[in-house]
Amino acid sequence: MAITLEILVQPRASRAKIGPMHDGRIKIAVTAPPVDGEANAAVVELVAARLGIARGDIAVIAGASSRRKTLRIANVTQAQVAAPAERV
């Protein structure tokens, strides 16, 4: 089963974190700069760690060069995504 998530990325943040919602999207802050796909890789790594899945199960399917992105996440349930976040 795969789900899609609409996210808003904040690159070069002081610390990596997921949340809160912003303009209907989940805000994800990463410390990586938006250069050469570094921020995208950091987003994938953070989300994979939070959900306890492999990085390969996450793909950026829209907005690769934008702050507004769409992720497709495979091998995850809606309950895993909705569960309270643990510190990552």
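Two strands pair if DSSP finds at least two bridges between them. In this predicted model, local features need pLDDT of at least 70, side-chain atom pairs count only at pLDDT 80 or more, and totals for chains, interfaces and linings use all residues. Residues are numbered from 1 along each chain as its sequence is written, and side-chain values use heavy atoms, with hydrogens and water left out. Helices (H or I, at least four residues) and strands (E, at least two) are DSSP runs, numbered from the N terminus.

**Sheet**
- Five strands form an open sheet with mixed pairing, in the order E2-E3-E1-E5-E4.
- Strand E2 (17-22) and strand E4 (58-62) are the edge strands, each pairing on one side only.
- From one strand to the next the twist averages 40° (axes are lines fitted to C-alpha atoms, for helices over the stretch in contact, and angles run from 0 to 180 degrees between N-to-C directions).
- E4 pairs with E5 in the antiparallel sense over 4 bridges.
- Ala62 is opposite Thr70 in E5.

**Helix on the sheet**
- H1 packs on the sheet and touches E1, E2, strand E3 (25-29), E4 and E5 (contact means heavy atoms within 4.5 Å).
- The direction of H1 makes about 40° with that of E5.

- Not counting residues up to four places away in sequence, Ile58 touches Val44, Val47, Ala48, Ile53, Leu71, Arg72 and Ile73.
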